Structure formats: structure tokens, C-alpha cells
Amino acid sequence: MLKIIVRVIRRDLLLAARQKADVLNTLFFFVVVVTMVPLGIGPEPNLLRAIAPGVVWVAALLAAILSLARLFANDYADGTLEQMLLSAEPLPLIVLGKATAHWLVTGLPLTLMSIVFGVVFDLGFQETGVLVASLLLGSPVLSLIGAVGAALTLGLRGGGVLTSLLVLPLYVPVLIFGAGAVGAAASGVSYAAYLLLLGAFLLFAVVLTPWAVSLALRISVE
Amino acid sequence: MNWGSWDNFWAMGGYGLYVWGSYAMVAIVIAIEIWLFKSRRRAAVSELMRDAVRGRSSR
Amino acid sequence: MTMNTATAPARFGLFWFSSPQTFFPLAGRMIPWFIALTVVLLAIGLWIAFFVAPTDATQGESYRIIFIHVPTAWMSMFLYVVMAFWAAVGLIFNTRLSSMMASAIAPTGALMTFLALWTGALWGRPTWGTYWVWDARLTSELILLFLYLGFLALQAAIDDKRRADKAGAVLALVGVVNIPIIYFSVQWWNTLHQGASVSLTRSPSMATTMLWGMLVMALAFWMYSIAAVLHRVRTIILEREKRADWVRELLAEGRLK
């Protein structure tokens, strides 16, 4: 079971390495959006420190949504996706592999970049740590849930915006607890419950979304 | 509930704007919805009639 | 279990009315009853709302918005669940009519959600001072509106009707599973960021007449929703079954309007 997942991950990472621009764009978008906020609100450090968790998290959501198109689009275009549907290997495992690879090239860099933002917004050591932890747990969930949206809108016109509309409401709980964890840390309150809940979301998503995505893929392709 | 006078009724204790604004919007939206599904029906039926007139050319 | 619409279904059973052909006239006969029920319940409900229920001690007359805010909010949530149910049935049993029902419910559900938001905002203004309060219920309603709009947008974007049915079903099911999670997280978020929990409808002791008014109005909105959905699903049937003989016959007989 693990073998097929690893093989899919390797393949997708190889493809991503050949299209670095694709991958870096997501990261740049994340950086640009976060940078826009102080420009729009003003440089007041206390205000920025207060809104930083929400801003970073919202920017992460938007970047994740933008990156979803590349999850299935290329495979769909060259027929590989159909092969995956016909494969003897369980489709949910293939989906899990693809979502993991997607996270490795979008969510993970984002999570690491948030360390920089912790510094830039003067969050403090522990708060930054919680920010990274929350994104580490939450961004895979964004990839997994986003995969459902990407699978449903495969090949449709108006794809990107439509996917966003479908997926953003589903992202709300992750956003609330992700940003909430950092907010709690900043207030000196216990943040353990938040991170545990994010972990629960992650487990929930890993177990359930591959099935939903597989179903959605079959619906979209056949 | 004794309003005393029609004026009192419409004024709603000073909250007339909010109360009637709410009820009015509900009435408007329901009216719009009815108009929408009726016009969708009209469109569907006239489409059917056009097809019939063309003499089942789609067969 | 797909019905061959060329010959009338012969067996009476669970799937008798899953054929658009048999459901179409049935729905047509049901609609007038639901309209009648709506009118009667609306009359009673509005009478209670304005002429029986007393003035509220704290909110004065503004609380009377509750008689439409709560029913529309209830309907918005109830309709989503019903929509997801029919969509799931259509997905699992491959019955077209079930999927058509889901598609027929969505617009009514979305409009109910909008009304819940509008009436909530107008109620919030005199009560809390601003037109929008980020209280848990209103914010959840807003997200519910997005879920409805997503469903409608997805179905509108897909030309192939069967794909649209099934894709919508997956989306509706994912949505219905997430709604409790979303509501719970928004509740948490709300109590977190405001000291006292802001709730528009929390009322420890509501006068019995107020409860009755809400109940009757809720039933009225429910009857209206059924009538609207039945009307719309008949139209959807006409749109999708336009090549069927029974449709052409009804058209020729002048029974369609």
C-alpha cells in the first residue's frame, strides 16, 4: 500500500521539479499577499502583531486555492488521469499520493516561509512556533479538501474562481482553529486544544477525502 | 395585543423601518422567486412548442 | 433502477414515483394543496405575530422580526439537508428524478438563507447597534449561503446534466458533513472573540404566544418551500425530458403551462 503512494509522490515531485515556476508562483503569491496587508493597513507594530495570524492564514488559504489547479489539470490534459482511473491500484491511494506531493511543493514551503513572517510581524518565538505548527497541521488539510474541489471542477470553464467558491467555505474550520491557535499563544492562553483539533482534522481528512476525491474524479472524467 | 391606533401599528414602537423592512424584503424575495420559477416554466414550455413546430427535427 | 419512459411503469412500488413521467402529474396535483396550506398558515402566523404576541420587555417591537427570521433560518438549514438527501439518493440509486429534486431545492434554499441574513441584519441594528454582527448564527448562515451558491455555480458550469447531478451530489454531501463542523468552529470563534456570547435569538423565557407564532410561521414557510420546489422540479422535468413521448403528448393536449 505504501509503495504505490511513494511511487505517485516520486512521480509528481519529478514533474513539479520540471515546472519549478508553477511551484514558486504559489510561494510568491503567498509572500505578496501577506506583504500587501501592512501596505493597506499601516505599519503600526501592535496592530500588525495582532492581525498577523489571521493575515498569514488567509494568505495561506488563498495560495492553497490558487495552487489546486495543478493538482489534476496536467494529468487530465495528457490522459494520465484516465490511466489512473483504470489502474489496478486503488484510486484513493493514488489520490493520497498526489495530494501529499502537492502539499510538499505548496503547503510545506508556505509553512517554512511563515517563520519569516513570524519575524517580520514581530510575533515572538513561541507564537511563531505555534504558527508554524498550525500551518504544518493545517496545510495538508487544505490540500486534501482542495483536492475535492479540484476534482469536481476538472475541465470546467471558470475553473479557478469556481473552485475557490466551492472550497473556501469548507476551509473555514481550519482557518478558525489555525489562526486561533496563534491568537491563543499570543494571549498567553493554552493553545494545545487548537493544535489537537487541527490534528484531528488532518486525520479526518486523510482518511475520508481520498474517497470523496476518487468519486469526484470518476464523475468528472467518465 | 392592542395597538391603540393604526399609526402605532405602522410605527412599531419606533422600529418600523426594521420590522417592515424585514417583512417587505421577505415579500419581495418570495414574489421574485415566484416570478423566476414561473418564467422558467414559460421558457421551458415555449421551447417545447418550438421543437414541436419544427417537427421533431432533433430525432 | 431507471424507468423506460416509452411505456408506462407497470408495477406499483417504492420506485413508482421515481419516474419523472408519473411524478409530474402527481406534483401538479399536490401544489394547490401546499399553496392553500401556505396561505392559511401565513394568515394565522401573521395574526399571531402582530395581534396576539405582546410587546417584548427588552426589545420592544423590533423582536417581531423573529417571526420571519427564525423560520427562514430553519428552512435554509432544513432545505440544505433535504437537498443533500435527494442528491445522495440520486447518486446512489442513479434515479434522475432525485437529482432533479436536489437541483430544484437549491434556489429556494439559497433565497431562504439570504432572507435569514437580511432579517438578521435588520434585527441586529436596533438590538446591537450595527447592521452586521459577527455572531455565530449569522456567520454560519453566511457560510451556508456560500455553500448553496457553490452548489448552484457548480451545476451551472457543467453542461452534461448527469455529471452536474453527480458532482453536485458530492459537493452537497461534503457540505452537509462539514456543516456541523463549521457551525461548531464558528461558535468557538465567536465566544472566543467576544466576552459575552452574542445571540440574536437567545431568549431564556419566550412568551408562549411568541413560540406559537414562530412555529406557525415556520410551517407556513415550509409549505411554501414545498410548493415552490414542486413547481420548479416540474419545470426541470420538462427541460430534461423534452424528447419523451409523454411530454409531447401533454403539450399536444394543451395541458402544459
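Analyst: **Chain A in its setting**

Of the 222 residues in chain A, 49% are buried (20 or more other C-beta atoms, placed from the backbone, within 10 Å of the residue's own). The model is predicted, so that local features need pLDDT of at least 70 and side-chain atom pairs count only at pLDDT 80 or more, while totals for chains, interfaces and linings use all residues. Residues are numbered from 1 along each chain as its sequence is written, with chains lettered from A and ligands numbered from 1 in the order in which they are written.

The secondary structure of chain A consists of 10 helices and 0 strands (DSSP runs: H or I of at least four residues for helices, E of at least two for strands). Its pattern along the sequence is accordingly α-α-α-α-α-α-α-α-α-α. The C-alpha trace of chain A extends over about 55 × 35 × 30 Å along its principal axes. Of the contacts in chain A between residues at least 6 apart in sequence, 79% connect residues at least 24 apart (C-beta atoms within 7 Å).

One helix pair may be examined in detail. Helix 2 (residues 20-41) of chain A packs with helix 7 (residues 107-120) of chain A at an angle of about 30°, their axes being 10 Å apart (lines fitted to C-alpha atoms over the stretch in contact; angles from 0 to 180 degrees between N-to-C directions). Helix 2 of chain A is therefore roughly parallel to helix 7 of chain A (under 35 degrees). From helix 2 of chain A, the residues A:L27, A:F30, A:V31 and A:V34 meet A:P109, A:L110, A:M113 and A:F117 of helix 7 of chain A. The residues of this contact comprise 8 nonpolar, no polar and no charged (nonpolar: Ala, Val, Leu, Ile, Met, Phe, Trp, Tyr, Cys and Pro; charged: Asp, Glu, Lys and Arg; polar: the others, Gly among them).

Chain A contributes 21 residues to its contact with chain C, and chain C contributes 23 residues. On the side of chain A that touches chain C, two or more residues each come from helix 8 (125-152), helix 9 (159-187) and helix 10 (192-221) of chain A. Helix 9 of chain A gives the most, with 11 residues. By class, this side of chain A has 17 nonpolar, 3 polar and 1 charged.

No contact joins chain A to chain B; their closest C-alpha atoms are 23 Å apart. Chain B has 2 helices and 0 strands. It is more spread out than a compact globule, because its radius of gyration of 23 Å is well over the 10 Å that the globule rule gives for 59 residues. The C-alpha trace of chain B spans about 70 × 15 × 15 Å along its principal axes, and 14% of the 59 residues in chain B are buried.

Of the 2 pairs of chains in contact, chains B and C share the most contacts. There, 34 residues of chain C are in contact with 22 residues of chain B. Helix 3 of chain C gives the most to the side of chain C that touches chain B, with 10 residues. That side of chain C divides into 19 nonpolar, 7 polar and 8 charged.

Key:
Angles under 35 degrees count as roughly parallel, over 145 as roughly antiparallel, 65 to 115 as roughly perpendicular and the rest as oblique. A residue is buried if 20 or more other C-beta atoms lie within 10 Å of its own, exposed if 12 or fewer, and partly exposed in between; C-beta atoms are placed from the backbone. The radius of gyration is taken over C-alpha atoms; the globule rule is 2.2 Å times the number of residues to the power 0.38.
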